[in-house]
Amino acid sequence: MWGYYKTILTIEAGATVTITDSAGNGEMAGGDQNNIIYNSGTLILNGASIDSANMGILNVGTFTMTDGKITASAEAVYNSGIFIMADGEIASTGSAVVNEEDGTFTMDDGKISSFDVAVTNAGIFNMNNGEIASTGETAVYTNRAGTFTMHDGLILPGATTSQPVNGNYATNCVEVREGTLDVKGGTIEGEVRITTVAGKVKVE
C-alpha cells in the first residue's frame, strides 16, 4: 500500500534526522499521491508541521515527536517500530495512529483526534497522559494481540469535544475486539466495549 505512492523523504536505517522549526512556520506538505516520510532510522519531530493529503509517516525505526502537528487524510502515523509521542498534535480524517503488531507506541502527552478511529492498536500501546478523541467511530480500537495500558490521560467521545459530523458522534470511547485493555489510571468519558470473547479488560 505504501509503495504505490511517492515518498517525499526516506530515512535509512542508521541515519538520524531532526525536523525542527524555531520560527513556528516550517511545513512539509504533500498531495494526494504523496506520503511524507518513510523512516527506518531515527526521526525526531520538534515543532514543525507535516500535512499530507494521503498518509503522513510510516515508521519502522524509532520516531520521537516532541512537538509539532501532523495532519493527514489517511493514517497520520503508521507505526511498526518505536513511536514516542512526548507532545504535539496528530489529526486525521482516517485513522490518526495505527500501531501494528510489531509496534510499540508510548503517548506521554499531546492530543490525537480523528473523524474515524483515532488510535488502532494491535501492538503495545502505553498511554501515560494526553487526550484522545474521535468524532466518528472509536477513540481507541484494540484488536489481534494488542495490549493497551492506560496509566493516565483522557479519552473522549466526539460528543464531548466538538459538533457532530453529518449528525454522527462517536459510538465508543474504547473498543476491545481482541487483546487487552489494562486501566491503571486516567479518565474514559464514554463506553468501553468488548466485542468478542477474545477481548479482555482489567481495571487496577
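This report describes the aromatic ring pairs of a predicted model.

## Basis of the values

Local features require pLDDT of at least 70 and side-chain atom pairs pLDDT 80 or more, whereas totals for chains, interfaces and linings use all residues. Residues are numbered from 1 along each chain as its sequence is written, and side-chain values use heavy atoms, without hydrogens or water.

## Aromatic pairs and cluster

The structure contains 4 aromatic pairs, where rings of Phe, Tyr and Trp (its six-membered ring) pair if their centres lie within 6.5 Å. Ring pairs join F63, F83, F105, F125 and F148 into a cluster.

## F83 and F105

The ring centres of F83 and F105 lie 4.8 Å apart with the planes at 5 degrees, so this pair is stacked (planes under 30 degrees apart; over 60 is edge-to-face and the rest tilted). The pair connects distant parts of the chain, 22 residues apart: F83 belongs to strand 9 (residues 82-85) and F105 to strand 12 (residues 104-107). Strands are DSSP runs of E, at least two residues, numbered from the N terminus.

F83 has 0% relative accessibility and therefore counts as buried (under 20% relative accessible area, 1.4 Å probe, protein chains only). F105 is likewise buried, at 0%.

## F105 and F125

F105 also pairs with F125: the ring centres are 4.7 Å apart and the planes stand at 5 degrees, so the pair is stacked. F125 is buried, its relative accessible area being 0%.

Terms used. Helix = DSSP H or I, 4+ residues; strand = E, 2+ residues; numbered from the N terminus. Buried < 20%, exposed > 50% of the residue type's maximum accessible area, 1.4 Å probe, protein only.
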